[in-house]
Amino acid sequence: VAGYPGVYILALFVIVLFVNAIKAWRFYFVLYGENNITRQEFIKQYCKTIPVNVVLPFKIGELFRVCCFGYQINSFFRGLVFVLVDRFFDTIALIIVLIFVSLLTAQQFSTLLYLLLIFVAVVVAIYLMLPGLCSYWKDYLLLTKATKSSIKALKTIAGIEKTYTQISTILKG
């Protein structure tokens, strides 16, 4: 194979295609149950966001993905949550690889690993605390005088609870 750079380019292309197919399948699984998005529309949106994710630095491409999928499912908040869930799974995979490589090479854990662990811990803490927070604020708002802003807050809490239920279903499935 030495002396055949085309083989390496082809192998790289196949690997990138394979990894993106797995990531697309996983994200489609995260979005499963969204009635507003068909498989064809999902593929269109996903393929549209891949080049932006590759070109733009600092995960700015993820904001584009939030906008694209948020628009498609008619909720930018839910689009953000679904992309965050997808990033969460990517982060866990990266943590496992970093731990494996560190143990295999007998190196100390990197600062990046600790930052990723903090991200995962914060997301898990939010996930675990969210039902209690929503319940508290619902009770509080229902006991106060009804205003336009309190009704809007209750609708927001209902949307958060709906998204939480959908994410819980995905994680349990």
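**Figure 1. Overall dimensions of the protein chain in the predicted model.** The protein chain has a radius of gyration of 20 Å, whereas a compact globule of 173 residues would have one near 16 Å. Along its principal axes, the C-alpha trace spans about 75 × 45 × 30 Å. Of the 173 residues in the chain, 28% are buried.

**Figure 2. Secondary structure of the protein chain, with six helices and zero strands.** Read along the sequence, the elements follow the pattern α-α-α-α-α-α. Helix α1 comprises residues 5–31.

**Figure 3. The largest pocket, which holds about 540 Å³ of space.** The pocket is lined by 22 residues, and those closest to its centre are V81, L84, V85, V123 and I167. Among the contributing elements, α4 gives the most, with eight residues. By residue class, the lining divides into 18 nonpolar, one polar and three charged residues.

**Figure 4. The aromatic pair formed by F27 and F69.** A pair of aromatic rings is described by the distance of the centres and the angle of the planes. The model contains twelve aromatic pairs. For F27 and F69, the ring centres are 5.0 Å apart and the planes lie at 80 degrees; planes over 60 degrees apart count as edge-to-face, so this pair is edge-to-face. F27 belongs to helix α1 and F69 to helix α3, so the pair ties together parts that are 42 residues apart in sequence. Both F27 and F69 are buried.

**Figure 5. The surroundings of F27, with an aromatic cluster and a charged side chain.** Ring pairs link F27 and F69 with Y28, F42 and Y46 into a cluster. The ring of F27 also has the charged end of R65 sitting over it, 4.4 Å from the ring centre.

Definitions and conventions
Residues are numbered from 1 along each chain as its sequence is written. This is a predicted model: local features need pLDDT of at least 70, side-chain atom pairs count only at pLDDT 80 or more; totals for chains, interfaces and linings use all residues. Side-chain values use heavy atoms; hydrogens and water are left out. On a 1 Å grid over the protein atoms alone, a cavity is a set of points where a 1.4 Å probe fits but cannot get out, and a pocket is an open set with protein on both sides within 12 Å along at least five of seven lines; lining residues have an atom within 4 Å of a point. Grid points are joined across faces, edges and corners, and a volume is the space filled by probe spheres set on the points. Helices (H or I, at least four residues) and strands (E, at least two) are DSSP runs, numbered from the N terminus. Ala, Val, Leu, Ile, Met, Phe, Trp, Tyr, Cys and Pro count as nonpolar, Asp, Glu, Lys and Arg as charged, and the others, Gly among them, as polar. Rings of Phe, Tyr and Trp (its six-membered ring) pair if their centres lie within 6.5 Å; planes under 30 degrees apart count as stacked, over 60 as edge-to-face and the rest as tilted. Buried means under 20% relative accessible area, exposed over 50%, partly exposed in between (1.4 Å probe, protein chains only). A charge sits over a ring if NZ of Lys or CZ of Arg is within 6 Å of the ring centre and within 35 degrees of the ring normal. The radius of gyration is taken over C-alpha atoms; the globule rule is 2.2 Å times the number of residues to the power 0.38.
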